[in-house]
Amino acid sequence: MSELRAAGPGPGPAAAPGPSAPAAGGGGSGPNPATPLPSPAPSGGGPGCPVGAGPGGVTAASGSGSSTSGSAREGWLFKWTNYIKGYQRRWFVLSNGLLSYYRSKAEMRHTCRGTINLATANITVEDSCNFIISNGGAQTYHLKASSEVERQRWVTALELAKAKAVKMLAESDESGDEESVSQTDKTELQNTLRTLSSKVEDLSTCNDLIAKHGTALQRSLSELETLKLPAESNEKIKQVNERATLFRITSNAMINACRDFLMLAQTHSKKWQKSLQYERDQRIRLEETLEQLAKQHNHLERAFRGATVLQASAPGSGGSAKGECCPGKGDLSDEDDDNEFFDAPEIITMPESMGHKRTGSNISGTSSDLSLDDQYKHQPEDTKKEKRTRIPNKPNYSLNLWSIMKNCIGKELSKIPMPVNFNEPLSMLQRLTEDLEYHELLDRAAKCESSLEQLCYVAAFTVSSYSTTVFRTSKPFNPLLGETFELDRLEENGYRSLCEQVSHHPPAAAHHAHSKHGWTLRQEIKITSKFRGKYLSIMPLGTIHCIFHASGNHYTWKKVTTTVHNIIVGKLWIDQSGEIEIINHKTGDKCNLKFVPYSYFSRDVARKVTGEVTDPSGKVHFVLLGTWDEKMDCFKVLPGSGENGAEGRQRAEESQVLLWKRNPLPKNAENMYYFSELALTLNAPESGTAPTDSRLRPDQRLMENGRWDEANAEKQRLEEKQRISRKKREAEAMKATEDGKEILGPLLNPRGTGMSHSPPTNLPSPAGTPCDPYKALWFERKKDPVTKELAHVYRGGYWESKEKQDWSSCPDIF
């Protein structure tokens, strides 16, 4: 990095980092990749919508805050409207188990814009400020609070209101029959109309009686008038007669008004039912259109592959006619939420094998394409000395994509079973280890005397970890709980790495790497993902730590959002967007990296990354510029004269230093899942590893060898085995709780609570809430003294156990 210090002044334009990526969940012209694609909300009010004044006992909140009164709550929230207007500020009122919203507080007196019944709604927390309320598809509100504290208050109030509404619903209907929301509304409407009709009939009967008795009364009064009574009595009788007539006229008018009301209600109910049926038909037609489009797309791909096979099978080519696509597994049935242990796509989905050719029957071919069994099954176990440079070509399996994807829209993908056709033959632990492909950047950083120069290399290392994702459109295997992966490159590269899957719900992996060149890297990554029909968003959660031993500099940062576009139709492409702030907690130096999202209307370079390295005072010393898939350059910033005499920044072209450049892909990489040279070696069998190592996972090995049908069956077996293990642990934990014993180990976050971290250790689970008291083997959960976050930190002992070959503490997961 001496070039950075020796750089001299020179002419050049002021450094101008690229446009800032929109904040997660922000408004504007459309959501960023971290923001889910919402469903349109109804424009009109719903049943139970409080029209007129707000609910009793609720006081209006001033400004952007909110207020509560008893179980009710009201205040401002941002609601997603559409891609043109983005998030809009709306006034929300929570009362009696109903959440209603208005454009303003004044609108509460006359117009309700929409209402959702919490008794049948699901409340999902997206990130620090965003949350979703949905009642199964008919209504979905994508909301954003002004702060994380405000979001938590709303979520708590909504959960309490939902629990009360569910309880009241259960008490009012003890039959336990469950109907769809639309059917329930229809039945309630018919019952209401029937009740109104009966009441109007009662009123009509009363009217007839009133008329009959009124006539008799008037006749009696007329008879009284014929009698010889004093003049004063005749005047009184005349007044009573007039009042009786007025009473009969009024009762007739009341009956006519009730009859008109009933007719109006019946007319409008028919219109509402017709509109509802129209919307249902439109949704069905849309689903059928999408399905037909997916089938046509699949047909075109088959036709293209058929033409390619015909060319390859020309006379003299020795081609085989057995190159037809082998059908993938059919739809796997959804399991109950409490019993699911599905391998979910956490990085990227959708196989791109459709574009790869098969040689012959994909088992026999030229001399270089030997039998998969002969070539890979009996390869040497220890391949440390000679790293393998290729893996079996990706088979050309077809897959009914729509049959799986149509059930995924709007769901968390960890709850949907996926066949191995979507995978690549690596686990998420191995994919996480790929962050070390450009470890030499940290080696160089460890030698820097200047912390600012060191920060430049750390930033380049951060960007380099995304370079492997540009073509990788298949997802890694979701690790089994307790699965590990080691990468021992101490002799060749001076470092060794260990990963362990420490949690399954939510999925979380802990990683620790140590280098004899003077640095340690550790991280715990949790992956959340959402499929929204046209794209898939992957949001990694967790902090990455890098510590340099000599200087004691401690750097932390987080990952950005990965978005996979054109999931159903079109060519898949991947984008990274968001901001990364790298902080040196010892010196206060910072680097802000901006991953600019791709735009069809931008003339800027695709996959652009810009950054600034600043000292604790905020002064910029270095400017970073490049792309996350190719390279990163560094420019030293020299003092200059800006406008109004202020100190400016000048980027001298001769001070440019290439920090990082992506290694070229191996030959024939397009047929090997676009693996890098490092990725090709990660699943090579090695002797001496732990029995929980990813290399020993049978379904992953079968898939690598091209036996996808067998791999699917093996995958289901492993998931069922893990499901049984979890139930056994929960039963033991429940028994220990009943016996009054403490449950040691971290309790996993109960799904659906929206908590950012798991509850503290050594606490029994809440009554009626099943928990998994699993405790990681090589990592322990601690509060980080720097970030104050709870995270799994390497406890030690793995490499000592490997040296002794003592794996007695390892669980049997395969």
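User: Is Tyr141 buried or exposed, and how do I read that?

Analyst: Buried means under 20% relative accessible area, exposed means over 50%, and partly exposed is in between, using a 1.4 Å probe and protein chains only. Tyr141 comes out at 0%, so it counts as buried. Before you go on: this is a predicted model, where local features need pLDDT of at least 70 and side-chain atom pairs count only at pLDDT 80 or more, while totals for chains, interfaces and linings use all residues. Residues are numbered from 1 along each chain as its sequence is written, and side-chain values use heavy atoms, with hydrogens and water left out.

User: How many aromatic pairs does the structure hold?

Analyst: Rings of Phe, Tyr and Trp (its six-membered ring) pair if their centres lie within 6.5 Å; planes under 30 degrees apart are stacked, over 60 edge-to-face, and the rest tilted. The structure holds 16 such pairs. One of them joins Tyr101 and Tyr141: the centres are 5.4 Å apart and the planes sit at 85°, so call it edge-to-face. Tyr101 is in strand E4 (residues 98-102) and Tyr141 in strand E8 (residues 140-144), 40 residues apart. Strands here are DSSP E runs of at least two residues, helices are H or I runs of at least four, and both are numbered from the N terminus. Tyr101 is buried too, at 6%.

User: What is the geometry of the rings of Trp778 and Trp807?

Analyst: Their centres are 6.3 Å apart with planes at 90°, so that pair is edge-to-face. Trp778 lies in the loop between helix H12 (708-738) and strand E26 (779-783), and Trp807 in the segment after helix H13 (798-804). Both are buried: Trp778 at 5%, Trp807 at 12%.

User: Which charged residue sits over the ring of Trp154?

Analyst: A charge sits over a ring if NZ of Lys or CZ of Arg is within 6 Å of the ring centre and within 35 degrees of the ring normal. For Trp154 it's Arg73, with its charged end 5.0 Å from the centre. Lys559 does likewise over the face of Tyr466, at 5.4 Å.

User: How many disulfides does a search of the whole structure find?

Analyst: A disulfide is a covalent bond between the sulfur atoms of two cysteines. The test is a pair of cysteine sulfur atoms within 2.5 Å, and the search finds 0. Take Cys456: its closest cysteine sulfur, in Cys634, is 3.8 Å away, too far for a bond. Cys456 is buried at 0%.
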